[in-house]
2 protein chains.
Amino acid sequence: MQAEIISVGTELLLGHTVNTDAAFIARELAVLGIDLHNVTVVGDNPQRLREALAQAMKRSQLVITTGGLGPTMDDLTKKAVADLLHRPMKLHEASLTQLKEYFGTRPIGSNQESQAYFPEGAQVFANSIGTAPGCAITAENGTLFMLFPGPPRELEPMFRNEAMPMLRKKIGSSIVSFMVRTFGQGEGDAALKLGKLCAQTNPTVATYLGAHGEVFVRVTAKGETQAQAKAMALPTVAEVRERLGDVVYGVDVESLEEVVINTLIKRKEEVATAESCTGGLLSKRLTDIPGSSAVFRTGLVTYADITKTRLLGVPQEMIARYGAVSREVASAMAEGVRMRSAADYGIGITGIAGPGGGTPQKPVGTVWIALATKNKCYATCLNPTGRYAGRNVIRQRSVGKALDMLRRCMEGKPVVPEE
Amino acid sequence: MQAEIISVGTELLLGHTVNTDAAFIARELAVLGIDLHNVTVVGDNPQRLREALAQAMKRSQLVITTGGLGPTMDDLTKKAVADLLHRPMKLHEASLTQLKEYFGTRPIGSNQESQAYFPEGAQVFANSIGTAPGCAITAENGTLFMLFPGPPRELEPMFRNEAMPMLRKKIGSSIVSFMVRTFGQGEGDAALKLGKLCAQTNPTVATYLGAHGEVFVRVTAKGETQAQAKAMALPTVAEVRERLGDVVYGVDVESLEEVVINTLIKRKEEVATAESCTGGLLSKRLTDIPGSSAVFRTGLVTYADITKTRLLGVPQEMIARYGAVSREVASAMAEGVRMRSAADYGIGITGIAGPGGGTPQKPVGTVWIALATKNKCYATCLNPTGRYAGRNVIRQRSVGKALDMLRRCMEGKPVVPEE
């Protein structure tokens with residue numbers, strides 16, 4: 001089945017919104033093994049939308065639209081699809097009832113009410129967050145149209161809860177997919193280690209470059225049932241893990257920070273952080289995870305040397321002798337925050353994120369990261385590679401490295417390369 | 001001039017990369033007043049790329065491609081454009097020289113060397129970051145093709161330095177555009193205040209919804225020269241500022257945090273932060289700005305009540321009496337971090353970002369934000385509105401509010417609504 005996405009919205013053509021909806025849908029379709037071959041963005045312009053829909057109907061079996069369903073858009077997308085398919089618009093009573101509930105005692109304008117009308121024959125997708133429902137409708141040539149609202153927090157649950165089961169059923173054969181996530185090796189190295197696995201056909205194995213030092217490996221199997229597909233996929237997942245070794249931080253997990261927080265919760269242990277160049281990004285990523293408050297009580301951003309001394313007890317002489325960006329100071333920060341917050345683990349990060357502040361001995365991009373435990377303090381240095389990658393890249397990579405060191409430590413894996 | 005973007009890359013169709021390039025280019029084109037009417041994403045597939053290019057050439061006067069220029073892609077995009085325009089590929093000596101410099105003593109493979117070949121008649125754009133140059137080439141029907149590499153940090157400087165001057169020249173008439181940025185009012189309120197300004201034709205005035213409580217107003221003027229266009233735009237910019245009042249935090253600035261950091265630097269003042277539910281996001285956003293280390297020495301993430309007491313001196317009795325999420329505790333956090341770090345300003349944030357942790361009295365989404373100065377402590381409460389918007393939205397909004405309070409305070413504007 002060939003699919004395409006049509007994203008509707010002038011805000012996308014003005015660059016005020018980045019098209020994250022298309023990326024979300026692309027990932028979901030990949031899970032099902034559906035081949036996405038085009039994404040088209042058009043503005044809130046009826047004629048261009050009609051052209052895009054007509055072209056899509058000719059070449060694709062599945063056409064997914066996002067946006068153009070809200071009351072301010074005058075329901076552009078539904079009308080365009082209804083016109084293309086020569087269907088009248090019909091009132092969907094249940095949607096009107098929900099709309100009335102949503103508005104309570106406030107009056108509903110006709111532009112709001114239009115959200116309860118759909119092309120005849122459409123199956124309506126309820127919106128659990130906002131006011132505009134989505135829908136699915138099959139054209140006479142067999143092309144399936146699926147229409148979704150644009151806001152990601154409305155689209156995403158609707159897509160997962162309504163579209164995915166419908167698509168799974170339509171595909172017939174069952175597809176199961178696992179994502180093995182790694183930190184700290186290149187995509188080329190991963191491909192080398194996986195070798196012939198990448199050439200298999202069922203299950204298939206494919207590598208993807210994630211952000212900031214992460215590489216993902218997707219294993220996808222097709223079978224007659226979910227159980228059969230899963231049974232086919234699992235041995236390959238195990239082999240991928242085996243071949244890649246301890247760079248694997250999880251399978252079907254959301255992020256490195258999620259793994260770290262959940263492992264800490266399981267172990268009933270706590271971490272505390274002391275950050276210089278990453279300026280709170282590490283604590284921000286840890287606290288992105290709901291429930292992190294149970295295992296993360298204290299984070300310090302000690303940008304100034306005086307703060308490192310006062311809040312963390314890093315001796316002034318040490319900073320003077322080795323410099324604030326050094327193994328010694330990173331370690332003292334990690335130990336200091338661990339001791340003073342009575343945590344099980346302390347992390348210290350100190351470096352030069354740039355663009356200014358570099359020296360010939362310590363160029364921009366030099367970052368020392370330390371992990372203190374009850375018995376030991378590990379430290380490692382990220383050195384600048386190639387041209388300056390920018391402040392954000394250096395900060396994200398450093399935080400990734402710190403999280404991965406803690407993950408490795410809790411799993412009993414080597415924390416830093418042998419010295 | 002009608003423009004369209006063709007983004008090339010299977011990674012975009014798999015959802016592993018979000019199409020930020022298209023959003024960046026869209027914003028740049030908007031500045032020039034060039035009408036972007038389509039974005040198309042195709043995979044690394046020669047036939048679909050050719051189809052997309054041919055369609056674009058028919059309907060657009062400017063076609064911008066991103067991606068498909070690197071050595072692993074076998075220079076898909078350049079070849080497809082050369083074929084479409086019936087131009088042979090020619091070696092560009094200067095690019096080959098640069099490539100050799102980049103690789104130094106390492107050998108250059110033929111796939112790498114292909115990056116120095118371009119369709120005959122192309123003007124080459126040097127790549128200051130990576131290895132693949134871009135280029136511009138005009139078809140016989142007058143359509144201008146501009147080809148860029150996919151990685152944002154390569155594309156963005158190339159677009160700004162090479163494409164923008166070329167496009168400005170091509171447009172002939174000069175266009176000047178200013179972006180007025182506001183925090184803390186809705187797009188509807190802004191449009192009401194702007195009234196008839198939004199219906200003007202030269203300069204034009206348009207509102208855009210930014211993220212997390214921000215609304216932007218773009219003023220664009222067209223004239224025979226840059227100076228003339230600017231002179232036409234400025235009175236309207238002043239009127240927009242006047243009508244919107246103190247929600248305006250800057251014109252043509254990057255972000256609220258940039259304004260705050262630069263104002264602190266100018267005033268030679270310092271801020272310190274104490275965060276609970278935002279978990280370091282405030283310090284992260286402050287330290288996103290290069291040079292922030294001069295005015296931001298200390299940030300504390302005091303997730304646990306015990307940490308609030310120990311690091312900030314918030315009395316345990318106060319937490320017991322009013323709760324950790326209260327005006328009193330937020331204010332004590334702000335005062336505590338200000339005093340203990342000897343800063344001019346202290347910010348305290350405490351709230352419930354969810355999804356768990358709410359009570360009937362203090363539902364998820366309740367966040368207290370306090371700003372302590374030498375003489376006074378301001379505090380305000382963000383209350384949950386409508387359905388749960390998610391942890392990230394609540395955290396970003398709270399940090400935006402805190403930054404805006406500090407901005408208002410330094411500008412002598414009302415910091416919190418009168419009570």
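**View 1. Surroundings of B:Met57 in the predicted model.** Apart from neighbours within four places in sequence, B:Met57 is in contact with B:Val63, B:Leu84, B:Leu85, B:Ala139, B:Asn141, B:Thr143 and B:Phe145 (contact means heavy atoms within 4.5 Å). B:Met57 lies in helix α3 (residues 46-59) of chain B; helices (H or I, at least four residues) and strands (E, at least two) are DSSP runs, numbered from the N terminus. B:Met57 counts as buried because its relative accessibility is 19%. Buried means under 20% relative accessible area, exposed over 50%, and partly exposed in between, with a 1.4 Å probe and protein chains only.

This is a predicted model, in which local features need pLDDT of at least 70 and side-chain atom pairs count only at pLDDT 80 or more, while totals for chains, interfaces and linings use all residues. Residues are numbered from 1 along each chain as its sequence is written, chains are lettered from A and ligands numbered from 1 in the order in which they are written, and side-chain values use heavy atoms, with hydrogens and water left out.

**View 2. The interface of chain A and chain B.** Here 67 residues of chain A are in contact with 67 residues of chain B. About 5,100 Å² is buried between the two chains, and carbon and sulfur atoms give 53% of this area (the accessible area, 1.4 Å probe, that two parts lose on being put together, summed over both). Two salt bridges are counted between chain A and chain B; a salt bridge is a side-chain nitrogen of Lys or Arg within 4 Å of a carboxyl oxygen of Asp or Glu. In a salt bridge, the side chains of B:Asp288 and A:Arg395 meet at 2.6 Å, N to O.

**View 3. Strands β2(A) and β2(B).** Strand β2 (residues 35-42) of chain B pairs with β2(A) in the antiparallel sense, over three bridges (two strands pair if DSSP finds at least two bridges between them). A:Thr40 stands opposite B:Thr40 in β2(B).

**View 4. Cis peptide bonds in chain A.** The bond from A:Asn202 to A:Pro203 is cis, with omega near 0 degrees. A:Pro203 is in the loop between α8 (187-194) and β10 (204-209) of chain A. A:Gly354 and A:Pro355 are also joined by a cis peptide bond, with omega about 0 degrees.

**View 5. Positive phi in chain B.** B:His86 is not a glycine, yet its phi is positive, about 55 degrees. B:His86 sits in the loop between α4 (76-84) and β4 (89-91) of chain B, and counts as exposed because its relative accessibility is 71%.
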